[in-house]
Amino acid sequence: MRALITGGSGTVGAALVREFARDHEVIFTYLNNSERASRLEKEVGARAVKCDVTDRDTIFKITSEYPYFDFLINNAGIWQFKLFSDITTYEWEKMLAVNLSGAFNFTQAVLPAMLRRKKGTIVNISSLWGEVGASCEVHYSAAKAGLIGFSKALAKEVEPSGVRVFHISPGAIEGSMNADFSKDELQDACPDGKILTPTDIAAWVRSFI
């Protein structure tokens, strides 16, 4: 079984790579943190590939090296805390390009083989803020809401052909993204007050197998 995971050098991405590498061939992408990606590659026996999720030429070149993928996990993402009135056009477009178009790009690259084989699973990592919105995170919330709609619509389109599409919408997650917030602030932001760990996210995604 072969899995493709985007954003594998991040905190959540690394947990996903470790989880799936236990019994899958794993290819993961990264853009920054080359040293971390290299260590993870050696640690679990996965393949690390440097790739910008907005670069369709590189994406299709990477995926063409493999006849198929059983799993695609669109995890790569960026985040920013900023007043709406201060968001620049570049920041808005970059947020959507990485968090939404990145999933579109990778899905278009791997879906044809899944459809031919009539099997495959795609999991998109969205956010609770895509469900309920978050103050000072309008562009992030909008991108993640788009990813939810993308997932729901694609599921209806391809599930009759044997391909399953899911999304998860976690709230606060321990890691560098939320390092500037206190535990109390993170708990207050979550409906159930629970802060998830990267391992929790990996197990959640794993449950869709």
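Which hand does the crossing of H4 and H6 have? The views below, taken from a predicted model, include the answer.

**View 1. Packing of helix H4 (residues 89-117) against helix H6 (residues 138-158).** The crossing of these two helices, H4 and H6, is right-handed. Their axes lie 8 Å apart, at an angle of about 20°. Angles under 35 degrees count as roughly parallel, and H4 and H6 are therefore roughly parallel to each other. From H4, the residues that meet H6 include Trp92, Met95, Leu96, Leu100, Phe104 and Leu111. On the H6 side, Tyr140, Ala143, Leu147, Phe150 and Leu154 are among them. By class, the contact of H4 with H6 consists of 16 nonpolar, four polar and two charged residues.

**View 2. Packing of helix H1 (residues 11-21) against helix H2 (residues 34-44).** The angle between H1 and H2 is about 15°, and their axes are 10 Å apart. That angle makes H1 roughly parallel to H2. H1 passes H2 in a right-handed crossing. Thr11, Ala14, Val17, Arg18 and Ala21 of H1 meet Arg36, Leu40, Glu43 and Val44 of H2. Five nonpolar, one polar and three charged residues make up the contact of H1 with H2.

View 3. Threonine 121 counts as buried because its relative accessibility is 6%, and buried means under 20%. Apart from neighbours within four places in sequence, threonine 121 is in contact with Asp70, Phe71, Leu72, Met114, Arg164, Phe166 and Phe208.

Definitions and conventions
Residues numbered from 1 in each chain as written. Predicted model: local features only at pLDDT ≥ 70, side-chain atom pairs only at ≥ 80, totals over all residues. Heavy atoms only, no water. Axes fitted to C-alpha atoms, helices over the stretch in contact; angles between N-to-C directions. Helix = DSSP H or I, 4+ residues; strand = E, 2+ residues; numbered from the N terminus. Parallel < 35°, antiparallel > 145°, perpendicular 65-115°, else oblique. Left-handed = near helix turned anticlockwise from the far one by under 90°. Contact = heavy atoms within 4.5 Å. Nonpolar A, V, L, I, M, F, W, Y, C, P; charged D, E, K, R; others polar. Buried < 20%, exposed > 50% of the residue type's maximum accessible area, 1.4 Å probe, protein only.
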